[in-house]
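Biologist: Please take a close look at one strand for me, and then at what surrounds it.

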Amino acid sequence: MSQLGVALLKWYDQNKRDLPWRQTSDPYQIWVSEIMLQQTRVEAVLEKYRRFIVALPRVVDLAVASEEDVLGLWQGLGYYSRARNLHKAAKQVSEQYDGVVPRDYGVFRSLSGVGEYTANAVFSIAFQEPYLAMDGNLLRVASRLFAVSENITTKSAKNHLKDLLEPYLSRTRPGDFNQALMDLASAICLPKKPRCQGCPLIWYCQAEKLSMAEALPNRSNGKAVPVVPVTIFVFYNKNGEILIRRRNDGAFLQGLWELPWVEQVPTEQVSETSPKYQIRDALTSYTFSHKQWLIQLRQCSVSQLEMDTSPEKWVDPILVEPTPNSEYQWVSVDQLGQYPMSTVFRHVFSLV
Ligand code: SF4
């Protein structure tokens, strides 16, 4: 198992919430809990769940119950279509599968109201099959663990995060792995103020390292944001220092320290074969609330001649655009933390 998985499950074993659906391995009862928990807080579900399971302990009991009784038991949970779908699915199980919850993933997934999340949660928790149950909580934790700034409401970001988290999924305890992340999300990795200092995953968390935890996840209301190609330059001198600047020109991100950047990919002014610059390109992206930067990074080693000249004289022509009133500083990597900087540049520093 991955070290991340070991740390997570160790924390879970010591801190897991005592919840009634965790005292059973009955797939039907786990299924009911997962449907109830969708869009509903755990505290609101507890009593309703107990009442429901006492009244309808088996899938066949639910199948023969009247709709009125089922909706009565669901009362207070809202989103009644969930109850109707669950009722319908119980009838399908009862009529087509002898009242036994199907062990075939595809068959279970085809039942009324069973989406990918529900199927993954039930199969991992009840059957110990290696499926990740990616709900909004897990997406939040994963976006921070891997410092992914894509908008998590998009399908591509969800798939990306799932791909990143999947290798860490415990093959022996997949259900506990999912539930551990759910507990972590509700107790530690909180939406607004994550409690990173008490987090068992702090050593593995990229967002914490980059001071981005509170800025993530990015959920820009699902609206498409314009993608802007940007080139960011990392100029370093023979002392290993990096050139940073502070612009006071009223432009985007002005007033903070940053690396010299330009909203385009200059090609004519900087030749990749030029002996003057050792250029290494890297591509990454960063999403702000109103736009996404598709970043090309250029690392350039600066000559003594340039070091002896004031930076705006040679930086502005490379950037194509003059940046008036800029203040430049050569700083060592150790000193970077002392300069107020937007998270996008902290993200970039992690790559160089
Ligand atoms: S270190 Fe902080 S941001 Fe990272 S997973 Fe833990 S609580 Fe979340």
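Biologist: In which sense do strand 1 and strand 6 pair, and over how many bridges?

Modeller: This is a predicted model, with local features needing pLDDT of at least 70, side-chain atom pairs counting only at pLDDT 80 or more, and totals for chains, interfaces and linings using all residues. Residues are numbered from 1 along each chain as its sequence is written.

Strand 1 (residues 227-236) and strand 6 (residues 292-301) pair in the parallel sense, over 10 bridges. Strands are DSSP runs (E, at least two residues), and helices are DSSP runs too (H or I, at least four), both numbered from the N terminus. Pairing takes at least two DSSP bridges between the strands. V227 faces Q292 of strand 6. Strand 1 also meets strand 4 (residues 261-262), antiparallel, through 2 bridges. There, T231 has V262 as its bridge partner.

Now the setting. The domain assignment, automatic or from a database, puts domain 1 at 10-127, domain 2 at 130-222 and domain 3 at 227-349. Domain 2 brings 10 residues into contact with 6 residues of domain 3; contact means C-beta atoms, placed from the backbone, within 7 Å. On the domain 2 side, 4 of these are nonpolar, 5 polar and 1 charged. Nonpolar covers Ala, Val, Leu, Ile, Met, Phe, Trp, Tyr, Cys and Pro; charged covers Asp, Glu, Lys and Arg; the others, Gly among them, are polar.

Last, the ligand. Its shell has 12 nonpolar, no polar and 3 charged residues. C189, C196, C199, C205 and A213 come nearest among the 15 residues around the ligand, where near means a C-beta atom, placed from the backbone, within 6 Å. Helix 9 (136-145) and helix 12 (206-209) each supply at least two shell residues. Helix 9 gives the most, with 3.

Terms used. Contact = placed C-beta atoms within 7 Å.
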